[in-house]
Amino acid sequence: IAASYYFPANDVASSISAYIATRTKNGAGITAELYEVDTTTGSTTRTLIASSDLYIVDSINDVNHWKTLSVRTPVGASAILQAKYTYYAAIHAINVDYNATIPTSVELGGDQSTYQPDAVNFVSTDIGATWGWISNQPMIRLNTVSSTAGIKEIVQNSGVKLFQNMPNPTN
């Protein structure tokens, strides 16, 4: 499952965080994966550019907590995030077996009150399979070295001007 991110300026990915939900069972593993799409050319091809080491989820200590996994390129370098590209921060579940004598599973937390626009959050059932979108927000975060995607940075890079409404018309 993945959440998409767009960067208006270059940055460096440091890690991916996911919220491990209460229904998680011992023994399943996760890896964090970072996919890149060159949206400047209109491409929709997702290319895996960085991933984490396998982490075996502990249903006692990890449940109801954020788990952060460092991501690196296949040669061990930091993943460079290019301006105006789209990135997918994904959590890949491994060794999941709901039918085992002792079931294993990984469940991620989700914001049940916020529904996202179509084609913002994605899911794939297998490596190399076709991706499809979902409308709820998984609790997956892409962490970066600097802050290039905040309001201040977007204003600086786009020429947009922000002003305060005085007086506030909603009062």
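Student: Is L69 buried or exposed in this model?

Tutor: In this predicted model, L69 is buried, with a relative accessible area of 8%. The cut-off for that label is a relative accessible area under 20%. L69 belongs to strand 6, which covers residues 65-70.

Student: Which residues is L69 in contact with, once its neighbours within four places in sequence are left aside?

Tutor: L69 is in contact with S15, I16, I30, T31, A32, S52 and Y55. Take I30 from that list: L69 and I30 are 39 residues apart in sequence, and their C-alpha atoms are 9.3 Å apart in space.

Student: S52 is in that list. Where is S52 found?

Tutor: S52 sits in the loop between strand 4 (47-51) and strand 5 (55-56). S52 is buried, at a relative accessible area of 11%. Beyond four places in sequence, S52 has contacts with T31, A32, L69, S70 and V71. With A32 there is also a polar approach: a polar atom of the S52 side chain lies 2.8 Å from the backbone nitrogen of A32.

Student: How many aromatic pairs does a search of the whole structure find?

Tutor: Three aromatic pairs. A pair of aromatic rings is described by two quantities, the distance of the centres and the angle of the planes. For F7 and Y87, the ring centres are 6.0 Å apart and the planes stand at 75 degrees, so this pair is edge-to-face.

Student: Where do F7 and Y87 lie along the chain?

Tutor: F7 is in the loop between strand 1 (2-6) and strand 2 (11-20), while Y87 is in strand 8 (residues 86-94), so the pair ties together parts that are 80 residues apart in sequence. F7 is buried at a relative accessible area of 4%, and Y87 is buried at 0% relative accessibility.

Student: Why is the pair of Y85 and Y87 described in other terms?

Tutor: The ring centres of Y85 and Y87 are 6.4 Å apart and their planes are at 20 degrees, so that pair is stacked. Y85 is buried too, with a relative accessible area of 12%. F7, Y85 and Y87 form one aromatic cluster.

Student: Which residue lies over the face of Y88?

Tutor: R46 does, at 4.8 Å from the ring centre of Y88.

Student: What should be read from a phi value?

Tutor: N64 is not a glycine, yet its phi is positive, at about 65 degrees. N64 lies in the loop between strand 5 and strand 6 and is partly exposed, with a relative accessible area of 38%. K84 also has a positive phi, near 70 degrees, and is a residue other than glycine. K84 is in the loop between strand 7 (79-81) and strand 8, and at 49% relative accessibility it counts as partly exposed.

Student: Where is L108, and what does it touch?

Tutor: L108 is in the loop between strand 8 and strand 9 (110-115). L108 is buried, with a relative accessible area of 18%. Not counting residues up to four places away in sequence, L108 touches I1, A18, Y19, I20, A21, I91 and I140. The C-alpha atoms of L108 and W66 are separated by 9.7 Å, with the two residues 42 apart along the chain.

Student: Where is confidence lowest and where is it highest?

Tutor: Strand 10 (residues 121-123) has the lowest confidence, with a mean of 49, and strand 4 has the highest, at 94. The chain averages a pLDDT of 76, and 67% of the residues score at least 70. Over residues 113-122, pLDDT stays under 50; the model has 29 contacts beyond four places in sequence for them.

Key:
Residues numbered from 1 in each chain as written. Heavy atoms only, no water. Helix = DSSP H or I, 4+ residues; strand = E, 2+ residues; numbered from the N terminus. Buried < 20%, exposed > 50% of the residue type's maximum accessible area, 1.4 Å probe, protein only. Polar contact = N/O pair within 3.5 Å; in protein donor to acceptor, adjacent residues only side chain to side chain. Contact = heavy atoms within 4.5 Å. pLDDT = per-residue confidence, 0-100. Phe/Tyr/Trp six-rings, centres within 6.5 Å; stacked < 30°, edge-to-face > 60°. Lys NZ or Arg CZ within 6 Å of the ring centre and 35° of its normal.
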